[in-house]
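Good morning, colleagues. I would ask you to look at the model on the screen before I comment on it.

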Amino acid sequence: MARVRLPEPLGERELVVDNDTVFTADDAEPPTLRRCGKLGCHPPATGCTTASCEQALIAVDAPEHAYRDAEHCDARWLVLDFSWRTGPACGDDTKDSACTSRLGDRCFFRAEHSGRQPVLESAAGGCRAVQRREPAFPTALCAGLAPLSSSLHPSYPPPTAKAATPR
């Protein structure tokens with residue numbers, strides 16, 4: 001904890017330290033300040049909105065240029081399929097397979113006061129995996145989920161151990 005003495009009351013303004021750490025008096029008990037998160041001091045309300053889905057992508061550290069392929073949501077729960085390009089920058093070239101290569105993922109989220117929180121990442125279809133982790137997850141949001149394509153979500157088994165060779 002650090003104490004900062006300001007020449008005048010902060011009021012509606014925000015306090016910025018080192019150009020990227022921001023604090024606000026909003027929702028803080030004076031004289032303390034609240035540190036703002038990646039979505040700013042006033043993040044969007046959790047719901048079935050674009051901003052809420054963007055917050056969910058941040059929560060799972062999705063690649064910067066990921067895009068949402070599908071979402072299933074209600075006020076408390078979210079299933080988000082997303083993918084990102086992995087090949088060279090090719091512009092609009094869709095004939096070269098290197099230009100259309102991509103990876104993807106599926107994440108399940110619960111709404112919390114601080115925004116969407118990840119519950120599980122799973123490429124499996126249906127509800128079994130998520131309801132094993134979170135029994136309250138609604139069947140209506142996961143029953144119709146097909147497994148992610150293995151081309152989107154490849155599996156890399158561990159290398160086999162080689163027998164020690166005597167010298």
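Helices (H or I, at least four residues) and strands (E, at least two) are DSSP runs, numbered from the N terminus.

This is a predicted model, in which local features need pLDDT of at least 70 and side-chain atom pairs count only at pLDDT 80 or more, while totals for chains, interfaces and linings use all residues. Residues are numbered from 1 along each chain as its sequence is written, and side-chain values use heavy atoms, with hydrogens and water left out.

Which residues of helix H1 are buried? In this helix, residues 50-59, they are Ser52, Cys53, Gln55, Ala56 and Leu57. Buried means under 20% relative accessible area, exposed over 50%, and partly exposed in between, with a 1.4 Å probe and protein chains only. After H1 comes Asp61, with a positive phi near 55°.

I turn now to the loops. Asp18 sits in the loop between strand S1 (15-17) and S2. Although not a glycine, Asp18 has a positive phi of about 55°. Asp18 is exposed, at a relative accessible area of 67%.

The loop between S2 and S3 holds Asp27. Its phi is also positive, about 60°, and Asp27 is not a glycine either. Asp27 is exposed, with a relative accessible area of 72%.

Finally, Pro31 belongs to the loop between strand S2 (21-24) and strand S3 (34-35). Pro30 and Pro31 are joined by a cis peptide bond, with omega about 10°.
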